[in-house]
Structures are given as C-alpha cells and as structure tokens.
Amino acid sequence: MVEALRIEKISKTFKEENKSVTALNKISFDVRQGELLAIIGPSGCGKSTLLKIIAGLAKPDSGFVRHKSRIIAEPNPKVTMVFQHFALFPWLTALENVKFGLKMRGLSENLQEKNARQWLREVGLRGSEDKHPRELSGGMKQRVGLARALATDAEILLMDEPFSSLDAFTAHALRQDLMRLRLKKKNTIILVTHLVDEAIELADRIIVLTPRPGSVAAIFENKLKRPRNKRSKEFFRLVDKITKTIRF
Amino acid sequence: MKVPSRWMRRRLASVVTTIFILVAAIVALALIFKSAKLDTAKMFLAVIASISRISVAYVLSLGAALLFAVMMAKSKLLENLLLPVFDLFQSIPGLAILPLAVIYFGKGNTTAIFIIFLAMFWTMLFTIIGTLKGLKEDLSEAATIFGATGWKRFRYFTMPALLPAIITASIISWGAGWEIIIAAEIIGISTGIGAFLNTASESGQTSLVVVGIMVLAIVVFMINKFIWLPLLHKTTKYQTE
Ligand SMILES: Nc1ncnc2c1ncn2[C@@H]1O[C@H](COP(=O)(O)OP(=O)(O)OP(=O)(O)O)[C@@H](O)[C@H]1O
Ligand SMILES: [Mg+2]
C-alpha cells in the first residue's frame, strides 16, 4: 500500500484579540493512495481547518503535510477541492466554471473545452453547459463543483461536507455518482462529513476526531463489500462501533 | 404578481424619461433654430471639453482605486497605514481644494481633472475595498485552489467579482463628477460647459443658458441609458446567487 499523504503532528491555534482557540492539536495520520478516507467529528473540532491546511490554503503553527517526498505548504496542482456551498463563480457558466482550473493551468482552449464538456457529461449535466450557477439547482451546482474538481489532474480530492447542503434524495444521487466516477479517476479522496452513515457507505477508512482541539480519536477500516447495504447487520454494527467513539 | 408589476413600473418610468428627453431635445433644437445668434459649435465644444475631463479623471480614479484596494487587501500593514490617511483626506470637500489646485495647476485641464479625480476616487476606493472584504471566502479559496495567481487571478477572478460594484460606483462617481466639474468651471476654470453657462448667464443670454442645460441633460441621460444601465443590467444578472 502506497502512502499518498502524511499528516504529521499538525497544530493550529487561532488568535483573536483577547482569546485564542486551538483548533487542531498535534494531529497525525496517513492517507493511502487511491483510498476514500472519511473524517468525522463533532462540530468545531477543526475538520475544515485541517482540509484547508492540506490544501495549502492555511498554514499550520507546527507540523507538516507531506505528499510523496514533498512538503505541501502552498496551494498545489496536486490537490483539488469540492466545497460545502459549491463556491462556483457566479459570473461564469457551468462550462466556464469547469474550464476555469484548466485555463489557469495554461491548457489550450481546445483541450479546456474538450475536457470540461466531457466532465460535465460525466456528472450528468449535458445540456446545462451554458447555464449560470443561479439557474442551477443545488444538486446541479454541486455536480458542476465535482466536474470542476475532477477535470483538473489533481491526485488528491478534498471534500468538505459536500452533500450537507443538499436534500436527502439529491445527496443520495450524488453519492452514487461519486462512487461511479471514483472508479474512473482513481483519486485519493478525503471526505469530511458529520454523518456516520455517509462515512460508512462511502469510505475505505474512517477517522474519528476528538472534540476541539481536534486530534485522532479512532481509526476504522471499513471492509464492508460494495455496494453497501445500509440495512445490513454488518452496517449497523459498524455504525454502533463508530458512534461509540464520538464524543461531543 | 410582484415581478410583472415591477416590470410595468420600470417600463413606465423608462417611457416617461424618454418622452421627457424627446421634449427637451425638441425645445433645445427649436431654440437653436429660432435664434441664429447662438454659438452652438462653441457650446458643443464646451460639453466635449467637460466630458473629456470627467473621462480622464474617471480612468485615473478607477485605476488608482483598484491598485490601492487590491494592495490593501493583500497587505494588512498597508491597510492599517493607509486607511486612516484616506479617511482623513476623504473628509475634505473637493471644492475646497480648488483654490489651491488653481495656484499649482492653473485654470485649465490639470486642475479640472484633479478636482474631478478627488470627487470620484473615494467612492471608487471605498466601494472596491468593501466589496473585496465582503467576497465570500470560499469563492476566493476556490480561485486559489484552481490555480489563479498574479495577473491571471486579477483578470479572471478579482475583476469579474468586483465588476458589479465597480459599475455601481462608476454611476455614482460620474454623477459626482458632473456636479463638481460644472461648479469648478463656473467658479475657477475658464473653459468647459460650466464656464460656457456662466458666460452666457452673465451676458444675459437666457435662451443660451436654457439650451446649454438641456443639452447637458440629454448628454448625461444618454451616457446613463446607453452605457451604464446596460452594463449594470448585464453584470447584476448573474452576480447574485
Ligand atoms: N479563520 C478563523 N479565525 C478564527 N477562528 C477560526 C477560524 N477558522 C476556524 N476557527 C475556529 O476553529 C475551530 C475549528 O473550526 P473548523 O471550521 O475547522 O471546524 P469544523 O470541524 O469544520 O466544524 P463544522 O463541523 O462546524 O464545520 C472553531 O472553533 C472555529 O471557530
Ligand atoms: Mg467545517
């Protein structure tokens, strides 16, 4: 098994005028190449902060993130992200949103167009290429967000509660799509979620974080066979096991 | 129900202003033809002089506001340094600077442009600063994640994100620009439509003054209707999610 990322003793404290909040305390774990790793933990335990540090958007006070033999300290083409509230550029169409990352990386106009169209088709948005975000439903917006992330050649896909602002049906459909697309693209995925069910349905491994300051409380291997039956005994057993380790 | 009635109101307002402008144009033309004495060529040159001054000042103030706002958004130090200074300067009424500007720059274009610049710059600057601060954090994170840096970031992320605010600020600034340039041209600058109106008034040529005002109204109206409003419409359409 190949290591994709090493998270090494990362700490982060936010200092404001008179108080300081320690979000992460010496958190360490590995991410394996090609796995889907779910991170679960109580609200405010530093999950989003952790993802931002892995993406190079925020700097840890101490510790580091290593990709292969390189330390990641800056935003990096190897890492991409799907956002909780989509973060689509409202002035661009769906197609232009997907092209954005390719354009910034200097791909030719032809390749941008070809890749972007292909990924919009993959997420089921053929015919909506020229719509602006405000003309799209929440589910469609997140599909654009997914296409935008997958169209880049990043190996590592970070997802911060990507389904939590969608209704249950749409979220279900998008989870299915993610599982399907994952087989094609073979990214390493880190998924932050607050739903134990979602984590077990999707992930190969599940990391439970402690309440703030976040550190690793427990790690679970999820060997359940795919597609996973959410009503099976094994599923419920794992739900129980994981839920017991979550403290609020 | 709400949407069509608003649409109707807008439609009605637009019809009313168009009629008003047509009437103004007819009155102006009638006056021009009635008295052959009117020096219309001179009047149009005066209007063009004023518009050119506003345009130059506008481009300068937009450029400067963008430059300072983006720099201040980048560096907290610069922001803490400049903001109090700007706040102080902003409180000086623009026309109060006019006598001083006349001493240094004379009674011509430089003074005019400088005074309009001051009237436009603060609105542009503080609007852009405010908009940059109000940008959704995840949007600029997305720009970063997807590789937008340097000039490309400015061109493909910062500018489009700022555009609606820039258009709004531009409309306000042009309004302020017209006010101040006409006042300045009446008081201290010897050319431009303000000076033209002033001369006409002092020599008792009432119809010339009326025609001048009408022409001014038409010009301002056309700039709004054919430049700013379409731009505003185009940018706000897709901005608000
Ligand atoms: N930019 C910031 N400045 C100050 N404090 C911050 C900042 N970002 C996060 N925090 C604080 O750090 C802690 C962890 O925040 P974070 O958003 O990482 O938590 P989270 O696990 O993602 O929570 P949630 O499940 O609610 O999304 C919180 O207490 C939060 O208030
Ligand atoms: Mg979060």
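## Helix packing in chain B

In this predicted model, helix 7 (residues 150-187) of chain B packs with helix 9 (residues 206-239) of chain B at an angle of about 165 degrees, and their axes are 8 Å apart. Because an angle over 145 degrees counts as roughly antiparallel, helix 7 of chain B is described as roughly antiparallel to helix 9 of chain B. The crossing of helix 7 of chain B and helix 9 of chain B is left-handed.

Helix 7 of chain B contributes P160(B), L163(B), P164(B), I167(B), T168(B), S170(B), I171(B), W174(B), W178(B) and I182(B) to the contact. These meet L216(B), V219(B), V220(B), I223(B), W228(B), L231(B), L232(B), T235(B) and Q239(B) in helix 9 of chain B. By class, the contact between helix 7 and helix 9 of chain B has 15 nonpolar and 4 polar residues, with no charged residues.

## Aromatic pairs

Over all chains, a search of the whole structure finds 16 aromatic pairs. One of them is the tilted pair of F89(A) and F100(A), with 4.4 Å from centre to centre and 45 degrees between the planes. F89(A) lies in the loop between strand 6 (79-82) and helix 2 (94-104) of chain A, whereas F100(A) lies in helix 2 of chain A, so the pair ties together parts that are 11 residues apart in sequence.

F89(A) counts as buried, at 0% relative accessibility. F100(A) also counts as buried, at 2% relative accessibility.

## Aromatic cluster in chain B

One aromatic cluster is formed by F68(B), F86(B), F117(B), F121(B), W122(B) and F126(B).

Note on methods. Residues are numbered from 1 along each chain as its sequence is written. Chains are lettered from A and ligands numbered from 1 in the order in which they are written. This is a predicted model: local features need pLDDT of at least 70, side-chain atom pairs count only at pLDDT 80 or more; totals for chains, interfaces and linings use all residues. Side-chain values use heavy atoms; hydrogens and water are left out. Axes are lines fitted to C-alpha atoms, for helices over the stretch in contact, and angles run from 0 to 180 degrees between N-to-C directions. Helices (H or I, at least four residues) and strands (E, at least two) are DSSP runs, numbered from the N terminus. Angles under 35 degrees count as roughly parallel, over 145 as roughly antiparallel, 65 to 115 as roughly perpendicular and the rest as oblique. A crossing is left-handed if the near helix is turned anticlockwise from the far one by less than a right angle, and right-handed if clockwise. Contact means heavy atoms within 4.5 Å. Ala, Val, Leu, Ile, Met, Phe, Trp, Tyr, Cys and Pro count as nonpolar, Asp, Glu, Lys and Arg as charged, and the others, Gly among them, as polar. Rings of Phe, Tyr and Trp (its six-membered ring) pair if their centres lie within 6.5 Å; planes under 30 degrees apart count as stacked, over 60 as edge-to-face and the rest as tilted. Buried means under 20% relative accessible area, exposed over 50%, partly exposed in between (1.4 Å probe, protein chains only).
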